[in-house]
Amino acid sequence: MDAINIQDRSGEKNLVLRRAVVAVFLVFLMCAALLWRMFFLQVVEHDIYVTKSTANRVQVQPIAPTRGLIYDRNGHLLAENLPSHRLSLVLERIDDLDATLAELRKYVSISDREEERFRERAQRYRRPYEPIELKDSLTEDEIARIAVNNYFLKGVEVDANLIRRYPYGSTFSHVLGYVGKINEAELKALDPGLYAGTNQIGKVGVEKTYELDLLGTPGYRTVEINARGRILRTLDKVAPVPGADLKLYLDLGLQQKAEQLLEGQRGAIVAMDPKTGGILAMASSPSFDPNLFVTGISSEVYSKLRNSRDVPFLNRTTRGLYPPASTIKPFLGLGALKYNVVTWNTKIWNPGYWDLPTDLASGRTRWRDWTWRYGKKPEWIDLNKAIVQSVDTYFYEVAYNMKLEAMHDTLASFGFGADTTLDVYNVAGGINPTRKWKKERQGFSWFAGDSVNMGIGQGYLLASPLQVTAALTAIVNDGQWKTPRLEMSSSRDLQSVDAAVVPPPLDLPKEDFEKMKKALEEVMHGRTGTGRSTGWNAPFKMAGKTGTAQVYTYAEDELYDSDEVRERLRDHAWFTGFAPFEDPQIVVTVLVENGEHSSAMARMARAMFEYWLLPSTQAAAKE
């Protein structure tokens with residue numbers, strides 16, 4: 001049988017050749033693809049990948065500016081910056097956030113509230129690789145523990161920063177305000193570039209009013225980092241511009257004196273320089289410690305303050321609105337002169353009461369004078385005596401004849417019913433009522449009795465202690481308005497404050513203002529003045545006006561019995577005055593809620609006068 005040749009060498013050769021060609025072709029295609037990809041990455045998208053590479057290696061980090069300092073008029077530091085250390089996390093460098101937080105709790109005390117706030121911040125918009133604060137004000141032990149274990153804490157950073165501190169605590173809390181963490185609502189409204197690297201913002205007070213000036217301008221630094229995010233070197237740096245330093249008209253010693261006088265009471269004391277309008281003291285009691293808010297107040301402490309019956313968050317100097325009572329009489333007296341309702345010689349019979357005419361009321365409405373309770377005999381009263389003795393009857397007649405419109409315009413000339421300050425935060429305008437105002441809010445027309453009540457500073461008329469102080473300052477300056485202000489000077493030009501509202505002038509001869517000031521001097525030093533007990537034996541002459549604002553309404557013929565009226569329903573007590581009489585250097589207003597006795601307020605004002613005017617008193621206080 002013949003052998004069969006099963007080898008096909010020619011076919012095998014062709015098969016191998018074809019396979020080799022295909023393989024070479026595939027290799028060529030892959031090499032071409034690789035070469036194209038290299039060309040695409042290195043040439044076509046060169047700039048893009050260089051940028052990405054640089055972003056992994058180089059970072060631009062914001063540098064927070066130093067917040068401006070705040071001083072009193074004598075250079076005492078009222079708001080300062082202290083060094084602190086904060087713990088932050090960079091989310092882009094953390095693989096497991098929960099595990100990292102659990103590990104950190106071994107070395108640092110982290111509360112549930114701090115973790116909650118951290119997670120809230122992590123949800124907000126931010127730049128990539130921007131650290132998110134977890135805890136502020138680390139202790140030295142905590143810093144050391146983190147430093148020792150830093151290699152194992154990927155994405156964890158501890159950096160030094162400055163935090164706000166108010167060395168005098170509650171003394172200036174209402175006027176200075178405080179800074180706090182930027183919340184979500186604020187974050188949406190502010191310029192993110194301006195607040196780069198900063199997580200605090202002025203919340204209230206001077207800190208809020210001058211926020212843009214105190215903040216400063218952030219700087220930046222370009223740094224090179226390794227794969228673990230450690231900084232290897234600084235490539236470039238633009239230094240931040242610190243915020244402006246402010247010097248205020250406030251006087252530390254006078255403010256502390258006011259706080260001491262108000263201790264244990266609900267009230268306010270305002271002191272102004274009548275020559276400049278500078279606010280020398282602005283104390284509201286009770287108060288609170290603003291340092292609690294800088295790094296975040298606990299919910300328990302905040303709830304206790306917020307729910308307190310004494311309302312420590314209320315700035316009674318600017319937001320506390322009260323019937324100004326008899327302190328309004330000098331202003332209405334000048335208005336009555338302007339509108340020719342009375343002259344200095346006009347006399348009104350005072351039998352201890354005043355009757356509203358019967359054609360304007362059903363029956364006969366009788367308005368009592370406060371002196372009737374003390375058995376004062378009927379007599380003729382002129383404007384000077386009405387001020388000195390604070391005679392209600394005279395001003396019932398004046399208010400009835402002036403009508404509401406003239407009274408409203410007069411009080412508007414003294415700043416009532418409006419915020420006329422330059423840079424005082426969140427000032428309440430008060431209520432200087434009109435007929436339209438009452439109709440819209442009360443649903444009733446304005447009655448003659450409303451005008452009569454307003455004539456003695458009661459009824460719908462409401463004012464703050466700061467407004468009363470500014471108004472009296474206008475009398476001191478013979479009708480020339482001095483805008484209340486806090487800022488005395490600064491380290492550079494400021495941009496936060498706009499021009500203040502200036503009330504329309506009260507066009508009266510200087511002689512009328514001089515006579516009114518003389519009447520106010522007799523209040524304190526005259527034989528029958530309501531403040532004569534305070535003015536007796538004073539080392540200088542002072543002038544002022546007492547006032548008692550009714551809180552509890554009692555029957556027409558019912559005597560006011562302090563013992564039978566609950567403490568919070570007793571009368572508010574006022575005093576506003578200036579000293580020395582010959583050349584006024586200070587105007588002071590004192591208001592104590594349910595204080596009852598305005599003579600006590602006058603004595604508090606005298607203590608303020610003596611501290612300011614007598615160097616020996618200041619020296620004793622400092623000791």
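**Note on the predicted model**

1. Overall architecture. The chain is built from 21 helices and 20 strands. Its radius of gyration is 37 Å, well over the 25 Å that the globule rule gives for 623 residues, so the chain is more spread out than a compact globule. Taken along the principal axes, the C-alpha atoms fill a box of roughly 165 × 60 × 45 Å.

2. Of the 623 residues in the chain, 47% are buried. The chain exposes about 30900 Å², of which carbon and sulfur atoms supply 52%. Among contacts with a separation of 6 or more, 73% are made by residues 24 or more positions apart.

3. Salt bridges, and the pair Glu133 and Arg86. A search of the whole structure finds 34 salt bridges. In one of them, the side chains of Glu133 and Arg86 meet at 4.0 Å, N to O. Glu133 belongs to strand S4 (residues 132-135) and Arg86 to strand S3 (residues 77-89), so the pair ties together parts that are 47 residues apart in sequence. Both partners fall under the 20% cut-off for burial: Glu133 is buried with a relative accessible area of 8%, and Arg86 is buried with a relative accessible area of 15%.

4. The pair Glu157 and Arg93. A further salt bridge joins the side chains of Glu157 and Arg93, at 3.5 Å, N to O. Glu157 lies in strand S5 (residues 156-165), while Arg93 lies in the loop between S3 and helix H3 (97-104), so this pair ties together parts that are 64 residues apart in sequence. Glu157 is partly exposed, with a relative accessible area of 23%, whereas Arg93 is buried, with a relative accessible area of 8%.

5. The side chains of Lys518 and Glu521 form a salt bridge at 3.0 Å, N to O. Both residues lie in helix H18 (residues 510-525), 3 residues apart, which is about one turn of the helix. An α-helix has 3.6 residues a turn, so residues three or four places apart point the same way. Lys518 is partly exposed, with a relative accessible area of 36%, whereas Glu521 counts as buried at 3% relative accessibility. Elsewhere, salt bridges that share partners join Arg86, Glu133, Asp136, Asp159 and Lys181 into one network.

6. A buried charge without a salt bridge. Asp512 also has its place in helix H18. Asp512 is buried yet has no salt bridge, and the nearest side chain of opposite charge, Lys515, is 5.6 Å away. A salt bridge requires a nitrogen to oxygen distance within 4 Å. Leaving out residues up to four places away in sequence, Asp512 touches Leu334, Leu337 and Trp344. A reader examining this site may wish to look at these residues together with Lys515.

7. Helix H12. In helix H12 (residues 329-338), 9 of the 10 residues are buried, so the helix is largely enclosed by the rest of the structure. The buried residues are Lys329, Pro330, Phe331, Leu332, Gly333, Leu334, Gly335, Ala336 and Leu337. Their cover includes helix H13 (383-388), helix H14 (392-413), helix H16 (448-454), helix H17 (465-476), H18 and strand S18 (543-549). After H12 comes Asn340, whose phi is positive, near 60°.

8. Leu280 and its surroundings. Leu280 lies in strand S12 (residues 279-285) and counts as buried at 0% relative accessibility. Leu280 and Tyr249 are 31 residues apart in sequence, yet their C-alpha atoms are 5.4 Å apart in space. With neighbours within four places in sequence set aside, the contacts of Leu280 are Arg73, Tyr249, Leu250, Asp251, Leu254, Ala271, Met272, Asp273, Ile586 and Trp612.

Definitions and conventions. Residues numbered from 1 in each chain as written. Predicted model: local features only at pLDDT ≥ 70, side-chain atom pairs only at ≥ 80, totals over all residues. Heavy atoms only, no water. Helix = DSSP H or I, 4+ residues; strand = E, 2+ residues; numbered from the N terminus. Rg over C-alpha atoms; globule rule 2.2 N^0.38 Å. Buried < 20%, exposed > 50% of the residue type's maximum accessible area, 1.4 Å probe, protein only. Contact = heavy atoms within 4.5 Å. Areas by Shrake-Rupley, 256 points an atom, 1.4 Å probe, with all protein chains shown as cover. Lys, Arg positive; Asp, Glu negative; His and termini not counted.
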